[in-house]
Structure formats: C-alpha cells, structure tokens
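Here are some exercises to work through with the model open beside you. Try each task before reading its solution.

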Amino acid sequence: MINKQRIIDRFISYITIDTQSDPHSTTTPSTDKQWVLAQKLASELKEMGMTEVSIDDHAYVMATLPANVPHKVPVIGFISHFDTSPDFNATNIKPQIIENYDGNDIILNKEKNIILSSEYFDDLKQYKGQTIITTDGTSLLSADDKAGITEIMTAMKYLLDNPEIPHGKIRVGFTPDEEIGRGAHKFDVEKFGAEWAYTMDGSQIGELEFENFNAAKAIVKVNGKGVHPGYAKDKMVNSQYIAVDFINSLPRLETPEHTEGRQGFFHLSDMKGDVEETVLEYIIRDHDLGHFEARKEMIQDLASEICSQYENDCISVEIIDQYFNMKEKIEPVMHIIEIAENAMKAVNVEPILKPIRGGTDGAQLSYMGLPCPNIFAGGHNFHGKYEYVPVESMQKATEVIVKIAELTSENYK
Ligand SMILES: [Zn+2]
C-alpha cells in the first residue's frame with residue numbers, strides 16, 4: 001500500500017517551494033526560482049536509486065527506472081510540471097490538512113472570512129471522510145502540478161522498494177513553464193526515448209483525457225479612413241462600424257459562454273479601435289479538425305464579404321495555429337488508453353473519459369512524436385485560493401502509475 005503520511009510529507013515539501021512561472025520572461029525556465037525544485041527533484045531521484053538522472057540547461061529533469069524483467073517491454077514515461085500558475089499568489093503557501101472531512105464548508109481563513117463552500121464547490125462532497133489539503137485562503141495550493149510530481153516520485157520509490165512488481169524501463173520527466181504554455185517547447189523527446197507517456201496533470205480522480213481542442217488565434221485588422229467629421233460626407237470610413245459588422249456576422253451562440261462538451265467556438269478576446277483602425281483578437285477552438293478548418297475559413301470569407309461592400313481591402317486577417325487535438329495521434333495507438341483504463345479499474349478507480357476544453361503539454365508532445373494522454377492528479381479548483389486536493393486521490397493516482405507499469409510489462413510478455 002502507498003503510505004498516506006509519506007505522500008503528505010512529500011507533497012508539502014514541494015508546494016512550500018515557490019516555483020511560479022512568468023509569461024513576460026523570455027528565458028527557460030522563465031523564473032530562476034524554478035531551479036530550486038528542479039535541483040531538489042534531481043537529487044531525490046538519484047538518492048532513491050533512479051539511473052540516468054539528468055537536468056539540462058533549461059531545468060528539464062529526466063530519470064530512468066531500469067526494467068526488472070527479461071522480456072522486451074516498450075519504454076513508457078510519466079511527466080508533470082513543477083512550475084505554478086502566474087495567475088494568483090503562489091508565495092508563502094501555508095497548507096491546511098483536514099482529516100476525516102465531514103462534508104461541510106471548510107474555513108480557509110477565519111480572519112478574512114474566506115470559506116471553501118461545499119454547496120458552491122459540490123465536488124467536495126464526494127470526498128467526505130477523506131483527508132483534504134487546502135490553502136489558507138491567501139495563495140493557490142499548487143497541487144497543479146505538484147500533486148503529479150508527488151505521485152510520480154512516490155510511485156518510482158514504491159517500485160524500487162518492491163522489485164517483485166514486474167515492469168519495463170520507465171522514464172520520468174519534470175518540466176518548467178507549463179502554465180505559460182511552454183512546458184513542451186524545449187522537451188527533448190528523443191533523449192526521453194519513450195514510446196509513449198502520460199502527463200499526470202488532470203483534475204478529479206478517474207479523469208483520463210486524450211482529446212483536446214484544435215486551437216488558433218485570429219487577428220482581424222480593420223482599416224478605416226479618418227477625415228474631419230465636419231467634412232466627412234462620402235469620405236470618412238469608420239473602422240469601428242465595419243468591425244461591429246464583422247463581429248455581428250459571426251454566429252452569436254458559438255461562443256465560450258454558450259458551448260460545452262465537444263462544441264467549438266469563436267471567442268472575441270480583445271478589441272481596440274478608433275476611426276482609422278480597429279483590431280479584433282479572436283481565439284478559435286474546435287475538437288473536430290474539419291470544423292476547425294471551416295471556422296478559420298469562415299473568418300476569412302466573412303472578411304472578404306464585408307470588404308466587398310467597401311472600396312478597398314478594408315480587413316486583413318492573420319490566423320495563427322496554436323495547437324492541435326491529440327486525438328489524431330492517440331487513436332492509432334489506443335492500447336495506451338486501454339492500459340490506463342485497465343490500471344484504473346484494477347485499483348478501483350472508475351475511468352472518466354472526457355474531452356478537454358483547452359490544451360495540454362501532452363497535446364504538444366503528441367505532435368512532437370511522443371503520444372501523451374493526461375491522467376488525473378487529484379486536485380480541484382486550480383489557479384486560485386479554493387484549490388484543494390484529497391490525499392486519497394493522490395494515493396490512487398500513485399497506484400495507477402504503478403499498475404500501468406505492471407500491466408505494460410504483462411501485456412508484452
Ligand atoms: Zn497543470
């Protein structure tokens with residue numbers, strides 16, 4: 001069995017190190033403080049007996065658990081990120097441990113009257129009787145993704161301590177800067193050398209994700225003609241009115257606030273304008289590649305249609321692809337999902353397969369040649385003061401890692 005207190009101790013030793021990333025930085029890692037945890041992880045990996053422990057110039061940590069079976073097993077990997085979100089205070093994290101949770105509201109901070117409500121956050125109720133780790137209301141918890149790191153480290157230690165459990169070669173990878181979208185950018189897939197991997201970066205217990213959005217950004221520039229308003233008749237072209245026409249001609253209900261599940265959307269994320277020029281920034285999201293391409297075309301077509309009503313090319317559109325649905329890369333290797341599902345069932349966790357309405361590092365890695373679905377790490381309410389994680393979910397995630405290692409070896413016997 002995975003020892004509960006050891007999970008808590010390890011988790012707290014990681015979350016009390018500030019590793020917040022910074023989107024305005026151009027270096028990797030984006031903040032120097034991320035080195036502190038990277039180095040700690042590398043030395044802990046060496047200490048527990050992992051081999052090929054490396055930490056590169058950009059703080060990516062990798063290590064190997066050598067195979068303990070004679071037959072050939074594909075090399076698999078487990079990955080999580082050690083940076084935390086720049087969206088909320090991440091310094092001076094003071095966790096609270098609530099044992100035998102009673103299912104009611106949790107007072108995070110009495111002085112500031114900050115309460116984790118079990119009515120509002122009703123996911124909490126399923127953890128009645130468990131041990132919940134919360135914040136003190138002044139910071140995030142950084143279970144995203146130090147829960148994932150804790151689980152991978154604990155699973156490796158467990159496999160080293162229990163050599164009777166058969167497994168092939170396992171690689172682990174810890175990355176900086178996931179929260180600013182760059183976790184996969186400098187990940188050396190060749191050096192990692194795994195046939196497939198799993199990011200331990202999902203939320204609630206049971207989550208298993210291999211579908212995410214196809215994503216693009218569109219910058220729509222509308223050009224007008226500024227003339228003195230008193231002499232503007234038949235001369236002025238107000239870019240802001242053309243921009244409004246453009247906005248209104250996109251389907252009004254295909255927006256984030258009106259869609260869910262696998263429904264895609266256009267999201268007007270920013271607009272700035274005056275008579276001369278209006279710039280609209282959209283993000284385009286769709287799980288279906290065909291629909292995604294059609295959305296991009298629709299933006300182009302609308303621009304030319306609206307422009308045809310004016311004299312010249314009054315609208316220019318720039319579309320930049322951001323990331324793609326990993327489903328395209330996972331479907332040809334569905335056995336890697338089956339192994340994860342079977343591992344969950346073997347440790348009494350009901351798999352929840354659902355599409356992610358966002359992206360993951362695993363999506364980028366999948367397109368870099370390392371198929372990489374995402375597994376729950378157990379936390380909830382990421383990136384804010386209501387973040388919490390049940391210790392039992394971390395235990396289960398650790399057991400899932402151990403089981404995946406075992407089942408992969410068994411499957412190739
Ligand atoms: Zn994360």
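**Exercise 1.** Decide whether Asn100 is buried or exposed, and describe its backbone.

*Solution.* Start with the surface: in this predicted model, Asn100 has a relative accessibility of 59%. The cut-off for exposed is over 50%, so Asn100 counts as exposed. Next, find its place in the chain, which is the loop between β4 (96-98) and β5 (106-109). Finally, look at the backbone: phi of Asn100 is positive, about 45 degrees, although the residue is not a glycine.

**Exercise 2.** Find where the cis peptide bonds from Thr28 to Pro29 and from Asp144 to Asp145 are placed.

*Solution.* Take the bond from Thr28 to Pro29, with omega near -5 degrees. Pro29 belongs to the loop between α1 and α2. Now turn to the bond from Asp144 to Asp145, where omega is near 5 degrees. Asp145 is part of helix α3.

**Exercise 3.** Describe how helix α2 packs with helix α3.

*Solution.* Two packed helices are described by the angle between their axes and the distance between the axes. Here the axes of α2 (residues 34-48) and α3 (residues 143-161) come within 10 Å and cross at roughly 15 degrees. Angles under 35 degrees count as roughly parallel, and α2 and α3 are therefore roughly parallel to each other. Their crossing is right-handed. On the α2 side, the contact is made by Leu37, Leu41, Glu44, Leu45 and Met48; α3 contributes Lys146, Ile149, Met153, Met156, Lys157 and Leu160. Sorted by class, the contact of α2 with α3 has 8 nonpolar, no polar and 3 charged residues.

**Exercise 4.** Now describe how α1 packs with α3.

*Solution.* Helix α1 (residues 4-15) meets α3 at an angle of about 135 degrees, and their axes are 9 Å apart. Helices α1 and α3 are therefore oblique to each other. The crossing of α1 and α3 is right-handed. From α1 come Ile7, Arg10, Phe11, Tyr14 and Ile15, which meet Ala143, Lys146, Ala147, Ile149, Thr150, Met153, Thr154 and Lys157 of α3. By class, the contact of α1 with α3 divides into 8 nonpolar, 2 polar and 3 charged residues.

**Exercise 5.** Which residues have the most contacts inside the largest nonpolar core?

*Solution.* This core has 51 residues, and those with the most contacts inside it are Phe78, Met156, Phe174 and Ile404.

**Exercise 6.** Place Glu164 in the chain and find how far it is from Asn68.

*Solution.* Glu164 lies in the loop between α3 and β8 (170-175). With 58% relative accessibility, Glu164 counts as exposed. Glu164 and Asn68 are 96 residues apart in sequence, with their C-alpha atoms 8.6 Å apart in space.

Key
Residues are numbered from 1 along each chain as its sequence is written. This is a predicted model: local features need pLDDT of at least 70, side-chain atom pairs count only at pLDDT 80 or more; totals for chains, interfaces and linings use all residues. Side-chain values use heavy atoms; hydrogens and water are left out. Axes are lines fitted to C-alpha atoms, for helices over the stretch in contact, and angles run from 0 to 180 degrees between N-to-C directions. Helices (H or I, at least four residues) and strands (E, at least two) are DSSP runs, numbered from the N terminus. Angles under 35 degrees count as roughly parallel, over 145 as roughly antiparallel, 65 to 115 as roughly perpendicular and the rest as oblique. A crossing is left-handed if the near helix is turned anticlockwise from the far one by less than a right angle, and right-handed if clockwise. Contact means heavy atoms within 4.5 Å. Ala, Val, Leu, Ile, Met, Phe, Trp, Tyr, Cys and Pro count as nonpolar, Asp, Glu, Lys and Arg as charged, and the others, Gly among them, as polar. A nonpolar core is a set of buried Ala, Val, Leu, Ile, Met, Phe, Trp, Tyr and Cys residues joined through side-chain atoms within 4.5 Å. Buried means under 20% relative accessible area, exposed over 50%, partly exposed in between (1.4 Å probe, protein chains only).
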